[in-house]
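These are my notebook entries on a structure that I looked through one topic at a time. The sequence and the model come before the entries.

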Amino acid sequence: MFRARLNAVFAGADVRVCTAFWLFGLINNVLYVIILSAALDLVGPDVPKAIVLLADIVPSFVIKLCAPYFIHLVPYSFRILLFAAVSSWGMLLIALAPPYTDGGTITAKMAGVVLASLSSGIGELSFLGLTHYYGPFSQAAWGSGTGAAGLIGAGYYSITTTSIGLSVKTSLLASSFLPLVMVMGFFLVLPRGPLRKTGSPHHRDENLAYEEEHGDILDREDRGLLANPEERSTTSVRSSNPTMKSTTWQTRFVHDLRRSRGLIYPYILPLMLVYFAEYLINQSVAPTLLFPLYKTPFTEYRSFYPTYATIYQLGVFISRSSLPFIRIPYLYTMGALQCLNLLLLILQALNTIFPSIYIVFVLIFWVGVLGGLVYVNTYANVSDDVPEEEREFALGAVSVSDSAGIMLSGLVGVVGGVEEGLCAWQVGRGKDWCRRL
């Protein structure tokens, strides 16, 4: 019975497509995790780790904000080669720059982090756009791969530098070859038929010139990409007019801006909200969720945060792998639940409202589950709701959400001094555990 239901769930799934997109998600995100895991070793104890976070997320945010309006001009095959080369170059810069212990500066290392971030950002929006050609299972495999990146990336760095005993330089050098997996996945594993069948993504250009001359269609665009089917049908009929003239890049840019506006409320805002609350918890609140050691399974206070991070990543991996089994379209509801998690954990840091660390473990796991659910369901909703001819652009444009939420949480955490404020509150009440990390 169970095997029959499982076969029904995965009916129509192409193993090569699923394998390729799982590898894309894993490798595109794993370097980001490795860089954050190596933050202390990269900049030393005297430099705020938020510098590494911001260098790792701001370039990705900027490229995701801008690239959807021009990336269609670059073929996917060239994109894969480009961001594989850039991310490898970035990791080589990070690995080969002199360490701070030898008097080296962090400038070269941060330049490498920026390159890896740019590559990851353009990779995410490109692979999400590529799922448009390969169906829902490609999206599910991508989500699962990105979820696995958290566990594998943190585990890779910990095992290579601690268990195996490799130097930081050797560990980072080895990771610089990981982008080759994406290249092999695209050129050797992924079937190329769907891309060839669909042809060039520029087939919409002729429509734009016609729409520029007809205000009723532009009015439809002002309502975004979610116009009703009758309006979309009318547009499709009109777009077949052979007298349409070619569009200019200015017309396309204005057209794309109008399309983006319709994505903000249903998709971009809820995903950004969830990531803001999620990363504010991870960066600023979790380090202060401490208990007396005798009430925990730990022997030292520095063990709390890595454990929380592992539990969180496990929740993310499970939920990002759930798309074939469960769909939850209520994005704002899940966003509100994530904000509730933030509130509860801040209260826990202030007043210890939960007497057991195991309750906090469950909440941290739930934070990861909610974040992963909103991520995969947002893109699934885009695929369901947005008309096919606009879907590739929409998937890429929405990808700015998570980077925006992470960047905003980092700024709030640093400028607002959230972690420092919670720690000072605890110390003032005789709980100086946060000073023992």
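**Entry 1: ground rules.** I took buried to mean under 20% relative accessible area, exposed over 50%, and partly exposed in between, with a 1.4 Å probe and protein chains only. The model is predicted, so I kept local features to pLDDT of at least 70 and side-chain atom pairs to pLDDT 80 or more, while totals for chains, interfaces and linings use all residues. Residues are numbered from 1 along each chain as its sequence is written, and side-chain values use heavy atoms, with hydrogens and water left out.

**Entry 2: cysteines.** Cysteine 339 counts as partly exposed because its relative accessibility is 28%. Cysteine 18 is at 21%, so it also counts as partly exposed.

I then searched the whole structure for disulfides, meaning pairs of cysteine sulfur atoms within 2.5 Å. The search gave 1 disulfide. Its partners are cysteine 423 and cysteine 434, with the sulfur atoms 1.9 Å apart. The pair ties together parts that are 11 residues apart in sequence, because cysteine 423 lies in helix H20 (residues 418-428) and cysteine 434 in the segment after H20. Helices here are DSSP runs (H or I, at least four residues), as strands are (E, at least two), numbered from the N terminus. I noted a torsion of about 85 degrees about the S-S bond of cysteine 423 and cysteine 434, so the disulfide is right-handed. Both cysteine 423 and cysteine 434 are buried.

**Entry 3: salt bridges.** Side chains of opposite charge can pair when their charged atoms come close. My rule was a side-chain nitrogen of Lys or Arg within 4 Å of a carboxyl oxygen of Asp or Glu. I counted 4 salt bridges by this rule.

Arginine 436 and aspartate 432 meet through their side chains at 2.8 Å, N to O. Arginine 436 is partly exposed because its relative accessibility is 45%, and aspartate 432 is partly exposed because its value is 31%. I also found Lys64, Glu124 and Asp402 joined into one network by salt bridges that share partners.

Another bridge joins aspartate 384 and arginine 327 at 2.9 Å, N to O. It links distant parts of the chain, 57 residues apart: aspartate 384 is in helix H17 (residues 357-385), and arginine 327 is in the loop between helix H15 (304-320) and helix H16 (331-351). Arginine 327 counts as partly exposed because its relative accessibility is 37%.

Entry 4: Which residues of H19 are buried? I listed Val400, Ser401, Asp402, Ser403, Ala404, Gly405, Ile406, Met407, Ser409, Gly410 and Gly413. H19 covers residues 400-415, 16 residues, and reaches 22 Å from its first C-alpha to its last, close to the 22 Å expected at 1.5 Å a residue. The expected span is 1.5 Å times one less than the number of residues. After H19 comes glycine 417, whose phi is positive, near 60 degrees.

Helix H18 (residues 388-398) is mostly covered, with 9 of its 11 residues buried. Among them are Glu390, Arg391 and Glu392.

**Entry 5: aromatic pairs.** I paired rings of Phe, Tyr and Trp (its six-membered ring) if their centres lie within 6.5 Å; planes under 30 degrees apart count as stacked, over 60 as edge-to-face and the rest as tilted. The count was 18 aromatic pairs. One of these, phenylalanine 298 with phenylalanine 361, is edge-to-face at 6.4 Å centre to centre, with 70 degrees between the planes. Phenylalanine 298 is in the loop between helix H14 (249-285) and H15, and phenylalanine 361 is in helix H17, 63 residues apart. Both phenylalanine 298 and phenylalanine 361 are buried.

Phenylalanine 304 and tyrosine 308 form another edge-to-face pair, 6.3 Å centre to centre with 65 degrees between the planes. Both lie in helix H15, 4 residues apart, about one turn of the helix.
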